[in-house]
Amino acid sequence: MQKSVWQTGRWLLLAQLLLLRSLLAQGSVLLVGGGSENYNDWSDAPYRWLVQHAPNREILILHYDSPSSFLPNYFKSLGAANAANLVINSRSSANDSATYRAILRAGGLFLRGGDQWQYVSLWQGTLAGQAIQQVFQAGGAIGGTSAGAMVLSEIVFDARTASVDPRQALRNPLRAGITFTSGFLALVPNALADTHFYERGRLGRLAAMLAVYRSQQGRWLTGIGVDDRTALAIAPDGSAEVFGSGAVTLLRAGERTACAVQANQPLALSELELQQFTAGFRFDLAAGHILTPPAGATSFSASPFRTTGAGLWLEGSDQTSDWFAAGGSFAGFLAGFTAGQDTLGIISSPAAGASAQTVSQQLAQRGFSSHLLWLDSSSRNDQLAATRIERSAGLIFTGNLPDSVAAHLAPATATGQAFAAATQAGRAILFLGNDAKLAGSAGVGQTEVSTTAAYRGRLTLGNGLGLLGSMIIMPRAWQDSDYYENRLSGWLWGMAKAQAAFGVLLDAGSHLYCENGVAVFAGLTPALVLDSRPAQWRDFSAYRAASSIGPRQSAALDRARVHVLPNGSRFDFNNGAVVQVESRHAAANTPLLFHLEQNHPNPFNPHTLIRYHLSEAATVTLRVFDLAGREVATLVQAQQAAGTHAAAFDGSALASGLYLYRLEAGGRVASRKMLLTR
């Protein structure tokens, strides 16, 4: 009798210990970014990891709509003792005790893709949801792909009304349809997961979602972006490892992160930390520290930023309607010249010169003469072309072939020497469409050669003109979704390859003006600036898909900083700092009403250009005075919209000497001096 009581007590104690262990345990999580699985392919390693971390190797594949004909046998081929489907397509079936028991018997669960709102609306607060959490708490392995991965993070972007377009998320985050669910499965704490990351251009949308959540709930989450055919495996101790073909991107706030999220306003955000890892990286998910880099990883050392004194205009669109719009880059560029007097040079490739003809026609309509300067291997030592480049009042690049233009303007060529003289003389230069890539130290080419160029290793990295040295520029970011991955993944890949200090991502209809390393951004979609100078490691995907010409062009950068800069914002590339974020409620909640720039050129004879930037509409007066305080010219006296403006000043009727120009707007005043030399 005593023995029986003793044995009963022992079993009760063991049961209590097992219960306590299950309450204190934490399972494993596998976040898969989407994409079809296949035998002997990218998916073998992460899906095998899930099987190995399932205590009894019993895998249950869950979905809200239909069973998978492929996954059960696939999991078995990877070592599962058994694998089966379970469809839970209503709240009644989610609350069925048989469903509850079936889930609890599994050691590993896998949620297929689909629509995250279906998972949330059908399973939240049910026995099925409770059972998934219990399997995890008992040390089980829970995985999901696409929407099935997104619902595993603590906070879920639930797509309650619709999916969110990255462009709209940046332009108006509070009206983009960003909605959240908390308390569903919540297996990855303090995180928000997004999938199909670069394939669907979601870098901008994840940043916007983090900022919206911060504005609503007062805390930052860690954003986890997972590429298609890529997986992030998170062990019970919080260590994480990347598998598959692409990259996993982490976005998290630091001590200096600031953001502004306001109704009907674009996103403004600075100093958001970015880490991006490819297969083989192991790291601490909570802290971001690298535990083990892959064998092929190499050190990253950004080359120093450098620039010329030339004023540079970079257009983000390839559409002439954007180029020639009233507030577009073309109008801003021309504001520095005088119609009927200044002749502009249009540099283009004869192999793709249709846009050059269009630009020439536009200039003629606005009263400007121009030279069409056809640039290729046969003309780069042409003395007439070189003379016209050097004597042009300003230069416009359009329709060039990015992989070869740097060679045509190399220092050893006549045209290259003329171009160098023009830039040293401070000639303003406009880069239209994909030609914007040429302003950097290197440019990513072939982004529109095919929709799968980055996935199949077809992107190229060519030399740029180095006017913005140690920079990779990517225009047309969210123009045509078929090329999102080529542009966004290729942008990071190009930065890692070139060890560039900065990257700039411009959308269609947006542009920047940069002078002496300080850029002013304009347009509907905020620009993204990536500062990679803090990074110490880089690596590249080794995955090569069938019929590819090279590995997938995904890159690892262990630490960088992201800035989201709306219309009117200013960024100083010389020190990597946001000078001014223009938003109705900026990071410090005290935005400047305007900024007055130094005139250019200065000294001048007799023409110069004065630029200024308004964060909101105002009545503007811009006047010029001599040192005795006498007004000598009124350049602007009008109501003007928010944005970048420019006024030309002709001092041909004045004597040499110092003059003062003064800007008044909204009750505020700024002034600067300029020197006229005759």
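**View 1. The lining of the largest cavity draws on the strands β28 and β29.** In this predicted model, β28 (510-515) and β29 (518-523) each contribute at least two residues to the lining of the largest cavity. The space inside this cavity amounts to about 40 Å³, and the structure holds two cavities of 30 Å³ or more. The residues that line the largest cavity are Leu506, Ser510, His511, Phe521, Ala522, Thr525, Pro526, Ala527, Leu565, Pro566 and Asn567. Sorted by class, this lining consists of seven nonpolar and four polar residues, with no charged residues.

**View 2. The second largest cavity is lined in part by β20 and α14.** This cavity has a volume of about 30 Å³, and its lining is made up of Ile347, Leu373, Trp374, Leu375, Ala385, Ile389 and Thr415. At least two of the lining residues come from β20 (369-374), and at least two come from α14 (383-391). Six residues of the lining are nonpolar and one is polar, while no charged residues are found there.

**View 3. The helix α14 makes a contact with the helix α16.** The axes of α14 and α16 (residues 414-424) come within 8 Å and cross at roughly 10°. Because angles under 35 degrees count as roughly parallel, α14 and α16 are described as roughly parallel to each other. On the side of α14, the contact is formed by Gln383, Ala385, Ala386, Ile389 and Glu390, and on the side of α16 by Ala414, Thr415, Ala418, Phe419, Ala421 and Ala422. The residues of this contact comprise eight nonpolar, two polar and one charged.

View 4. The axes of α5 (residues 97-105) and α7 (residues 127-137) come within 9 Å, and the angle at which they cross is roughly 15°. With this angle, α5 is therefore roughly parallel to α7, and the crossing in which α5 passes α7 is right-handed. By class, the residues of the contact of α5 with α7 divide into eight nonpolar and four polar, and no charged residues belong to it.

Key:
Residues are numbered from 1 along each chain as its sequence is written. This is a predicted model: local features need pLDDT of at least 70, side-chain atom pairs count only at pLDDT 80 or more; totals for chains, interfaces and linings use all residues. Side-chain values use heavy atoms; hydrogens and water are left out. On a 1 Å grid over the protein atoms alone, a cavity is a set of points where a 1.4 Å probe fits but cannot get out, and a pocket is an open set with protein on both sides within 12 Å along at least five of seven lines; lining residues have an atom within 4 Å of a point. Grid points are joined across faces, edges and corners, and a volume is the space filled by probe spheres set on the points. Helices (H or I, at least four residues) and strands (E, at least two) are DSSP runs, numbered from the N terminus. Ala, Val, Leu, Ile, Met, Phe, Trp, Tyr, Cys and Pro count as nonpolar, Asp, Glu, Lys and Arg as charged, and the others, Gly among them, as polar. Axes are lines fitted to C-alpha atoms, for helices over the stretch in contact, and angles run from 0 to 180 degrees between N-to-C directions. Angles under 35 degrees count as roughly parallel, over 145 as roughly antiparallel, 65 to 115 as roughly perpendicular and the rest as oblique. Contact means heavy atoms within 4.5 Å. A crossing is left-handed if the near helix is turned anticlockwise from the far one by less than a right angle, and right-handed if clockwise.
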